[in-house]
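Colleague: I would like to learn how to read a model like this one, starting with a single residue and then turning to a ligand. Could you walk me through it?

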Amino acid sequence: MAGGHSLLLENAQQVVLVCARGERFLARDALRSLAVLEGASLVVGKDGFIKAIGPADVIQRQFSGETFEEIIDCSGKCILPGLVDAHTHPVWAGERVHEFAMKLAGATYMEIHQAGGGIHFTVERTRQASEEELFRSLQQRLQCMMRAGTTLVECKSGYGLDLETELKMLRVIERARRELDIGISATYCGAHSVPKGKTATEAADDIINNHLPKLKELGRNGEIHVDNIDVFCEKGVFDLDSTRRILQCGKDIGLQINFHGDELHPMKAAELGAELGAQAISHLEEVSDEGIVAMATARCSAILLPTTAYMLRLKQPRARKMLDEGVIVALGSDFNPNAYCFSMPMVMHLACVNMRMSMPEALAAATINAAYALGKSHTHGSLEVGKQGDLIIINSSRWEHLIYQFGGHHELIEYVIAKGKLIYKT
Ligand SMILES: N=CN[C@@H](CCC(=O)O)C(=O)O
Ligand SMILES: [Zn+2]
């Protein structure tokens, strides 16, 4: 056949489709077991999209005589969708290992933040850093995420707070989106903290009157593509009223609402997100029962962040209650200077042990549901014909080893493929 295909993955022990009927998310009973084929093969076309998946003998007959740029024998191995990390802060200068020591000695996240550390510390360093320096460190961090199986990642700004630095961060994310193999969903998070010298109301006014109009202009002329708007809705940061004003203005310029809520204090952020039509809310350690029901009804996904609850010794988000009520539960690494973790396999393990999720629930939360949280589950998050050829191959005959072997993903993950292109091989 003229041109042939990009990739043939032959005879895998298991191909974990996650879902197989075009579902945009999995909730309730659909999470009891995932769609898995045994003894199957998969073909990715030169356009980077999946052309066929099925029993190995059927695929062999269907494609006999056709050419492939790459053929991988997957005997004894498992193929899974590339992992989707729905929440990260990967653009910054100013790591905070000294604060980790303070927290181990008993300081809380908010005590450090209110004393001028935390986000403020990283903001100062990020403002001083050059665009090139920020890009190089972002590139390195995304490389680490890819090696841990992530092929689509949400990337937030939010360590600038002033317009100039927020735009610098968004330009860095845009460059990564254009130049790197990993898929990126870009989030404007200018309301990550109240900048020194301003009240929350003044900061919200600045965002609404100056930042968002500029983003709209840059989006319209194709300079920067931003997908989501975020606010840190928290006691002592942005209250419910400022959060509402900022998110509504972001929505009005076409951004998906995807924000931090109900993390350290109950704020009724879940209720607000459901009312505004948010695509996702992250954290939710302190969400109310009413907020959970409102999110389920509004199909607003919950991005749970097991690393944060673990490192800050917070109470765990009530994943079981959310799952039982039908909330679309997704997972994220929350990679940032406070929660330094690149690995979605470790995030899934923590979600299973600390939040009592099952392994199928955790994998769905790190694939199709995380893609839903980013508004991308029509192209990402499962292995189905017509979807993007983003996948990982692990050297194990059962997929659950990816979660079970805590910290073992570097040995397990043999290949990472994005849009049919090999982007990592052990
Ligand atoms: N909670 C707010 N934002 C981040 C932490 C950012 C930071 O501490 O630098 C989070 O999601 O955990
Ligand atoms: Zn965050």
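Predicted model: local features only at pLDDT ≥ 70, side-chain atom pairs only at ≥ 80, totals over all residues.

Colleague: Which side chain does the side chain of Lys387 meet in a polar contact?

Modeller: Here we look for pairs of N or O atoms within 3.5 Å. The partner is Ser382, and the contact between the two side chains is 2.7 Å.

Colleague: Now the ligand. Where does ligand 1 sit?

Modeller: In the largest cavity. Around ligand 1 there are 16 residues, and those that come nearest are Arg96, Tyr109, Tyr159, His283 and Asp334. Sorted by class, this shell holds 5 nonpolar, 8 polar and 3 charged residues.

Colleague: Which side chains have an N or O atom facing an oxygen atom of ligand 1 at a listed distance?

Modeller: Tyr159 is one, at 2.6 Å from a ligand oxygen. His260 is another, with its side-chain N or O atom 3.0 Å from an oxygen of ligand 1. For a nitrogen atom of ligand 1, look to the side chain of Glu263, at 2.9 Å.

Colleague: How much of ligand 1 does the protein bury?

Modeller: Taken alone, ligand 1 exposes 330 Å², and the protein buries 100% of that.

Notes
Residues numbered from 1 in each chain as written. Chains lettered and ligands numbered in written order. Heavy atoms only, no water. Near = heavy atom within 4 Å. Polar contact = N/O pair within 3.5 Å; in protein donor to acceptor, adjacent residues only side chain to side chain. Areas by Shrake-Rupley, 256 points an atom, 1.4 Å probe, with all protein chains shown as cover. 1 Å grid on protein atoms, 1.4 Å probe; cavity = no way out; pocket = protein on both sides within 12 Å on 5 of 7 lines; lining within 4 Å. Sits in = over half its atoms within 2 Å of the grid points. Nonpolar A, V, L, I, M, F, W, Y, C, P; charged D, E, K, R; others polar.
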